[in-house]
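Here is a short report on charged pairs, rings and the nonpolar core. Have the sequence and the model open as you read.

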Amino acid sequence: MREIASAIKKLLDAVNEVSGYIPSPSGKQALDQRKREFVKFSKRFSNTLKDFFREGQSQAVFLSAICLIHQTNLIMITVKHKCD
């Protein structure tokens, strides 16, 4: 679980670093919105993982992980489009 938290922190640090290279204010706002959504989904994933250790619902963990991966992809897409 610590590895997951560390990876999430590294991704957020990278997003903050990349934000400085986005030229337009609207692009920075879009990336900031994606970052907030990612944080929301990462908290949801963390709670789902805790529930898994209590109740053993693996399907919920997989669905939550897929949502978190999707949010990560949306961040990458946003960076690519706003840096062009």
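Arg 54 is exposed, at 63% relative accessibility.

A salt bridge needs a side-chain nitrogen of Lys or Arg within 4 Å of a carboxyl oxygen of Asp or Glu. Both residues lie in helix 2, three residues apart, which is about one turn of the helix. Helices are DSSP runs (H or I, at least four residues), numbered from the N terminus.

## How the values were made

This is a predicted model, in which local features need pLDDT of at least 70 and side-chain atom pairs count only at pLDDT 80 or more, while totals for chains, interfaces and linings use all residues. Residues are numbered from 1 along each chain as its sequence is written, and side-chain values use heavy atoms, with hydrogens and water left out.

How many salt bridges does the structure hold? There are four. Side chains of opposite charge can pair when their charged atoms come close.

One of them joins Asp 32 to Arg 36, with the closest N and O atoms 2.3 Å apart. Both sit in helix 2 (residues 25–55), four residues apart. Asp 32 is partly exposed at 34% relative accessibility. Arg 36 is partly exposed too, at 46%.

Glu 37 and Arg 34 also meet in a salt bridge, at 3.3 Å from N to O. They are three residues apart in helix 2, so about one helical turn separates them. Glu 37 is partly exposed at 22%, and Arg 34 is partly exposed at 26%.

## A charge over a ring

Arg 44 lies over the face of Phe 41, at 4.8 Å from the ring centre. The rule asks for NZ of Lys or CZ of Arg within 6 Å of the ring centre and within 35 degrees of the ring normal.

## The nonpolar core

Which residues touch the most other members of the largest nonpolar core? They are Ile 8, Leu 31, Phe 38, Phe 45, Leu 68 and Ile 75, out of 13 residues. Helix 1 (2–19), helix 2 and helix 3 (58–83) each supply at least two residues. Helix 2 gives the most, with five. A nonpolar core is a set of buried Ala, Val, Leu, Ile, Met, Phe, Trp, Tyr and Cys residues joined through side-chain atoms within 4.5 Å.

Conventions:
Buried means under 20% relative accessible area, exposed over 50%, partly exposed in between (1.4 Å probe, protein chains only).
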